[in-house]
Amino acid sequence: MKMPNFKLKESGLNRFFGPLESRIMEILWTNSAEMTIKDVQLKLDGDKAINFNTVMTVMNRLVDKGILQKQSVARSFQYKPVVTIEEFMDTQSKELTFDLIEQFGSLAVTHMVDALDKVDPELLDQLEQHILLLKKDR
């Protein structure tokens, strides 16, 4: 599931989702049980009152996008994420990496390696070990 609109100037989940979508996904990912729209709405109400129909519309759009699944249970619907947040972030980072390399080639790789060295030199060591394993398996 590739998210079509990556926002560079945002951070966290807001890079992939709108503000309300992000808050809803955070709630569902931190809650281990399936939740109803009302459950989510009550958790959202900590900030400011959000209309039930607004929450329902956003959650159903997340179902349409393949991010959530819903199941009918006793005259209401239960919602849960299709994947864990870790699986979601792994998939999105892979998609972004492939897109960058496909579009910018070795330039993207060079910038990634430079960023690794600036952010955490240990990541550069991990990359080196991973490259050695890949070369060994050829």
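Which residues in helix α2 (residues 37–44) are buried? The legends below start there. The model is predicted: local features need pLDDT of at least 70, side-chain atom pairs count only at pLDDT 80 or more, and totals for chains, interfaces and linings use all residues. Residues are numbered from 1 along each chain as its sequence is written, and side-chain values use heavy atoms, with hydrogens and water left out.

View 1. Ile37, Val40, Gln41 and Leu44 are buried (under 20% relative accessible area, with exposed over 50% and partly exposed in between; 1.4 Å probe, protein chains only). Seen down the axis of α2, these buried residues fall within an arc of 100 degrees, so they line one face of the helix. The arc is that of the directions from the helix axis to the C-beta atoms. Leu42 and Lys43 are exposed on the other side of α2. Helices (H or I, at least four residues) and strands (E, at least two) are DSSP runs, numbered from the N terminus.

**View 2. Packing partners of α2.** The buried residues of α2 pack against α1 (19–30), α3 (52–64) and β2 (76–81). Contact means heavy atoms within 4.5 Å.

**View 3. Helix α4 against helix α5.** The axes of α4 (residues 85–104) and α5 (residues 106–119) come within 6 Å and cross at roughly 130 degrees. That makes α4 oblique to α5 (under 35 degrees is roughly parallel, over 145 roughly antiparallel, 65 to 115 roughly perpendicular, the rest oblique). Axes are lines fitted to C-alpha atoms, for helices over the stretch in contact, and angles run from 0 to 180 degrees between N-to-C directions.
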